[in-house]
Every structure is written in structure tokens, then in C-alpha cells.
Amino acid sequence: MKYRQLGSTELSVSEVSFGTWAIGGSWGKVDDNESLRALERAMEAGVNFFDTADVYGSGHSEELLAKATKGKEDNIHIATKFCRAGDIHDPALYTEKSVRAFCEQSLKRLQRERIDLYQIHCPPIEILRDGSVFSVLDKLQEEGKIRHYGVSVESVEEGLVCLESPNVKALQVIYNIFRQKPQEELFPKAKEKGVGILVRLPLASGLLTGKFKEDAVFEEEDHRNYNQNGDSFNVGETFAGLPFKKGVALSRELSWIAEGKGNMTRAALRWILDNPNITCVIPGFKNVAQIEDNLGVLDTASFSSTEHERLRAFYEQEVHANIRGSY
């Protein structure tokens, strides 16, 4: 395992870390025992950073992380998020009373005295522009409730607004071969400001594994079923904002990336880690096999400059025009 510094903080995190949205239950059926085995396997491999949120399984993924990391709190860093449990457009949700309550509830579920990275969970841009919530987070940081704070954003514009707040230390963004826009302006500016970049949905909800066919059917409780068109939250969170069948067709055109790299999953993750502005990638998982597959990127060779240029041209010419939602 290799480690990268989280922006200008003292935290050094594994370049392959993991997100726990899936084990909370929004990606179909899950088995808690298998989830715990998978978390243990990741830590055995040197993973020291996990991302979660208070709404993943209504706090269930936080509780699983508490069990998995008990006694390892000083060595295993946890990032969690808040605000999606209420009306994200209501300014009252971001007051000290509200944020403090969210924080205390997460601390209780995580069984920790401090959250390593506390993130606002995809709030509206007007909340970010107002900036009052950052003062609240400053206070929680001074009290030792949180170590650092950041923001999970949906668009480049939101990320740029966050960079205007000096104590934001991390941005979590959707970034993958199908969704390359953040690398143009946001990533260089974040690096200049000493802000780390966490990459979520690196496999475009599974499209970039190359395993789907156009007639694939997802379970009722899986967001890849109910949010394909953004009916429940930002469409960019599901299949990178691409219409599913179009995404499958585009992924088929990318099958060449697996050559010499094991499979498309490892190749897609390698493409992200080739970018020096990235702190870590946080793919999801539901079992040990998926942990192992994602960790395979550690032994996967980087893409050549020619291959990177080919993938950039593919995005610009074939993909970009098909992406829906704020970006």
C-alpha cells in the first residue's frame, strides 16, 4: 500500500481507501458479517481510511465501522458526512444546534471521541456561498469534536466556492473516465490551496467494471434502479449521470483499457491514481472479493501518456455530451 498526504493536513491516507455507501444498504441486499470480513481484509492490506455518512443505512455503515475499527481508532481514520438526513435547502439545518446534533449522533454510532474528517454532504451551492456553516465547523474543530472538515460536492462550481473557505481541507468529488471535468480547473486550484481530493464513484456505479449488459435489472432498493434518472437525488451519483444503456455501450468501447491490467476495474482505478492531484480513491464494496479486486490496482501499471490522451479524447468526443445533472 502507498500513502498520500491529505492536502495540507497531517493525515497520511492509503491511496486506495473505501467508501461504505454500499454496505449501508443502498446497493441491494447486504450481509453484515461479510461486510465486516471485507473491512478486516482491507485493513490487513494497509487501508487506513474509510468514508461513510450518517444516512448510509440510517447510520448502519457508521455502526459497522465502529465494530470493525474498535481498538484501532488511532490508526484507522474515518470520514463521515452530515445534512442529508434533513431538508438540505433549509438554513436551519446548518446552524450550530443542528450540526452539533448530527456530529454527536455520528460520534455515538462510530464510538469515537473525534471524527477525523467531517464533511458537509452535497449541500446546495447557496449554503456554501453563505458560509455560516464553516464557522460552526470551526467551533467543533476547536472543541476537538472533529479533526478536519471538508465538503462532498456535486459540481466544479461548488468545489471552487468551497476553496474560498480557508479551513476546508478536503473535497470529495465524482471523478472517473466518464466524468473528467474536475481535473481541468478544480484539481489544480485545490492543490494550490492545500486541499485534498477524495474520489467517489470511481467506477461510475459499476459501469466501468465492464460487467453490465443493457438488459441488466437492479434490486428495488438499489439506487441504480430508483435513481437512474435522478428521481431521488442528483443523477450524477448514479452511472456518472449517463443514461444506463448509453453508459453500457460506452463502457464496451473502453474494453481495451483492461489489456495488461487484469480487468477494467483495476484499469479504471489506475487511471484515477495516475493523477498526482488525487489523495485517494474510495470505491465501494459489499464483499471480500470486491475488496481484493479493487486492491489489485496496487500492482497495476500506469497508463502511458498516449493512452491518457486517447482517454481524454474519448471523454470529450463520445461521453461529455451525454452527461446529465449538475457537473
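Calling features by their cut-offs

Mentor: The protein holds 13 helices and 10 strands. Helices (H or I, at least four residues) and strands (E, at least two) are DSSP runs, numbered from the N terminus. This is a predicted model, in which local features need pLDDT of at least 70, side-chain atom pairs count only at pLDDT 80 or more, and totals for chains, interfaces and linings use all residues. Residues are numbered from 1 along each chain as its sequence is written, and side-chain values use heavy atoms, with hydrogens and water left out.

Trainee: What makes the radius of gyration agree with a compact globule?

Mentor: The radius is taken over C-alpha atoms, and the globule rule is 2.2 Å times the number of residues to the power 0.38. For 327 residues a compact globule would come near 20 Å; the protein has 18 Å, so the two agree. The C-alpha trace spans about 50 × 40 × 40 Å along the principal axes.

Trainee: What share of the residues is buried?

Mentor: Buried residues are 58% of the 327. Buried means under 20% relative accessible area, exposed over 50%, partly exposed in between (1.4 Å probe, protein chains only).

Trainee: Which share of the contacts joins residues at least 24 apart?

Mentor: Contact means heavy atoms within 4.5 Å. Among contacts between residues at least 6 apart in sequence, 77% join residues at least 24 apart.

Trainee: How many side chains are positive, and how many negative?

Mentor: Lys and Arg count as positive, Asp and Glu as negative; His and the chain ends are not counted. That gives 40 positive and 49 negative side chains. Each charge is placed at NZ of Lys, CZ of Arg, CG of Asp or CD of Glu. The centres of the two sets lie 2 Å apart.

Trainee: Which residues of helix 6 are buried?

Mentor: In helix 6 (residues 132–142), they are Val133, Phe134, Val136, Leu137 and Leu140.

Trainee: Why are the buried residues of helix 6 said to line one face?

Mentor: Seen down the axis of helix 6, they fall within an arc of 155°, so they line one face. The arc is that of the directions from the helix axis to the C-beta atoms. An α-helix has 3.6 residues a turn, so residues three or four places apart point the same way.

Trainee: What do the buried residues of helix 6 pack against?

Mentor: Their partners include strand 5 (77–82), helix 4 (96–110), strand 6 (115–121) and strand 7 (146–152). Gly144 follows helix 6, with a positive phi near 85°.

Trainee: How do you know whether Phe239 is buried or exposed?

Mentor: Phe239 has 0% relative accessibility, so Phe239 counts as buried. Phe239 lies in the loop between helix 9 and helix 10 (244–253). Phi of Phe239 is positive, near 55°.

Trainee: Which residues does Arg147 contact?

Mentor: Arg147 lies in strand 7. Beyond its neighbours within four places in sequence, its contacts include Glu10, His77, Arg114 and Asp116. Arg147 and Arg114 are 33 residues apart along the chain, with C-alpha atoms separated by 6.7 Å.

Trainee: What makes Thr265 buried or exposed?

Mentor: Thr265 has 3% relative accessibility, so Thr265 counts as buried. Thr265 is in helix 11 (residues 264–273). Not counting residues up to four places away in sequence, Thr265 touches Leu203, Leu208, Thr209, Asp293 and Asn294.
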